[in-house]
Amino acid sequence: MENSLTVGIVGLEPSGTYYADIFTDLGHRVMLADSDPDQRESFEDEFETKTFENPDELFRSDIDVVFVSTPNKYHGTVATEAMETGYDVLLEKPLAATMEDAERIVETAERTGNICMVAYFHRFREYCDILKSYIDRGELGEIVHIDAKFIRRRGVPGRGTWYTSKKLAGGGALIDVGCHVVDLVLYLLEWPNAEDIVADSRSDFGHRTDYRYLEMWGEDDEAKMYDVEDSVRTFLKFDTGTTTDIEVAWAANVQYEHSYRIQGTDGGAELRLDNNPISDKSTSSLNLYEVRSGGADHFADSEIISGSDQGYEECYEGTVKAFVDAVRTGDRPEKCNVREALATQELIDWIYRADKTGE
Amino acid sequence: MRFKDTATSRDTIQSVERSFRILEIIGDDENIGVTDIASKLDVPKSTAHHYLRTLESLGYIDNDDGTYSLGIGLLNLGGAARSNQQLYHLAKNDVDELAAQTGEQARLIGEHRGYEITLYQSTGENLTEPYDPLGTIKQLHCTAAGKAFLAELSKPELDRIIEGIEFVEHTENTVTDPDELRSELRSVHDQGVAYDDEERYEGIRCVAASVGSKDIGPYGAISVSAPVERMDNERFRGAIPDLIQNYAGVVGVTTNYYWAEDSFE
């Protein structure tokens, strides 16, 4: 295929393989750096390609761009080295495990001029863009409040893996899945600054021996580390006057939910996104709530029917296409660029600090 | 440059053995005199003296009026030997944090010839000096770190090491029966954490977890020890094991991403 890229993937933890599939489906080639020899071997077989033990060797070989899916702790080192070597970079979300690393990545991206994009893939659902267009056209009036939830009933990603280690992941449910919510809320509200935060996190499921995996997100590892939150509730007030409630949970004793209820002065909306990539059918929906007066005063509730009912795979694909476009044009991607990702990281960091200090 | 005569006669090997044996004797018993050294080596005093003068001239032992102690020159070799241990570089900061967080002594051990050897140790606010010097070797059956390491070995490796262990009863709690040890190791493996409840030293409790990978096996272990009065049952069976498992897990993952760590000195 003309203009196809060779993507150097660093780490398979664990989304590297999903993205490798998407890249190859779109006609690109992939190579891998991973320290696990078994992983390398199966990757070589599956993608008929070369693999390397560490990124230095990968960066010296014939690749065009880099995709980073290591544990969050290593995003900073890998992304900055890749960009210093001259590669454009797509990072698995979140941007980094710590603010320090996040800032290092952004500084490197801006200094070297390389593209750096973070895979907040939910942003590539049509429903999100449609909702944003209603907000932008003022059809909901001024946005007063957003109530956002990302709740899994039983979905801690592999207890005892790097996901449940503060040092390796930078946090728990908030940085793992809550980062999507923070990203989407900030996007819908045009990246306002938070003024006030109240936050509270809990860790209820880490060491429970009666924990049941009903939604599989990786198996418990032999390692037993678990020092992160599995749920967070936070109330935010932005400098625009808009308030937001966010509830995030890897596990909770309620139905799973990934939703955004938007209240404006003139209308409202409810966006529901499926948060279960394992289910075959997308359950996403977007509804608008308006009040009109033609004939008689009435509520006008409408269901938005999008052309494509997007599941996870389409979202990944949208992310990859946007990245490849940015690489080809050399222009910073409009969605999920490193500046936006930094704003998301700053708010996540603040929520964690608010939780710790009660400030 | 040319090769020296590589033919090894028994005498030459014996003298190397004796030299190192002298270093070990002095290491066990600082300020020992030539008479005692000669008798421990079972050689005439004049022979021992000859060895001692040689080692002294090389800077590896010090002679203070006829009593001998290990020389600082050995630290040079020891430091270089440890510097080659990748695990030390990858785990050092975590051991420091573990000590600071618990206020107690945290250690990183590796296995060497059937013993555990302290590669790095760090002390928290509750002690000023570590319990033992760096590089101390201990039997594997009586320490938490040793048991944590053993519990992750494959059966043939475990058999080989247990075969070589002399089950010394250091305290009345020391496990001295190989079968009892094996059964304890199975539970250590399941729980991911090992305990030493005054099994090596009276009055000292220790908790440890192995570091390594599922595929390759254990590289070593990290541990926290404290006197019983500062390690009550709640801490011994609850808080400290959780903390150690978090750190051991991090070190384990870190070993897979060694290239991203800039902790090399």
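Two strands are said to pair if DSSP finds at least two bridges between them, and helices (H or I, at least four residues) and strands (E, at least two) are DSSP runs numbered from the N terminus. The model described here is predicted, so that local features need pLDDT of at least 70 and side-chain atom pairs count only at pLDDT 80 or more, while totals for chains, interfaces and linings use all residues. Residues are numbered from 1 along each chain as its sequence is written, chains are lettered from A and ligands numbered from 1 in the order in which they are written, and side-chain values use heavy atoms, with hydrogens and water left out.

Chain A contains an open sheet of six strands in the order 3-2-1-4-5-6, with parallel pairing. Strand 3 (51-52) and strand 6 (116-119) of chain A stand at its edges; each has a single partner strand, so one side of each is left without a neighbour in the sheet. Elsewhere in this sheet, strand 1 (residues 6-10) and strand 4 (residues 65-68) of chain A pair in the parallel sense over four bridges. Val10(A) is found opposite Val68(A), a residue of strand 4 of chain A.

The loop between strand 5 and helix 5 of chain A holds Pro94(A). A cis peptide bond, with omega of about -5 degrees, joins Lys93(A) to Pro94(A). Lys93(A) also forms a salt bridge with Asp176(A), at 2.9 Å from N to O; a salt bridge here is a side-chain nitrogen of Lys or Arg within 4 Å of a carboxyl oxygen of Asp or Glu. Lys93(A) lies in the loop between strand 5 (88-92) and helix 5 (99-112) of chain A, and Asp176(A) in helix 8 (residues 173-188) of chain A, so the pair ties together parts that are 83 residues apart in sequence. Over all chains, the count of salt bridges comes to 33.

Chain B is assigned domain 1 (9-76) and domain 2 (85-263), the bounds coming from an automatic or database domain assignment. The C-alpha centres of these two domains of chain B lie 32 Å apart. Chain B also has an open sheet, formed by three strands in the order 1-3-2 with antiparallel pairing. Its edge strands are strand 1 (32-33) and strand 2 (61-64) of chain B, each of which pairs on one side only. Strand 1 of chain B pairs with strand 3 (residues 67-70) of chain B in the antiparallel sense over two bridges, and Gly33(B) stands opposite Thr67(B) in strand 3. In the loop between helix 1 (10-28) and strand 1 of chain B is Asn31(B). Although Asn31(B) is not a glycine, its phi is positive, at about 65 degrees.

The two chains meet at an interface in which 23 residues of chain B are in contact (heavy atoms within 4.5 Å) with 26 residues of chain A. The size of an interface is often given as the accessible area lost when the parts come together. Chain B and chain A bury about 1900 Å² between them, 54% of it on carbon and sulfur atoms; this buried area is the accessible area (1.4 Å probe) that two parts lose on being put together, summed over both. Two salt bridges are found across the interface of chain B and chain A. Glu97(B) forms a salt bridge with Lys167(A), the closest N and O atoms being 3.1 Å apart. On the side of chain B that touches chain A, helix 5 (86-102), helix 8 (178-191) and helix 9 (233-256) of chain B each supply at least two residues. Helix 9 of chain B gives the largest share of that side, nine residues.
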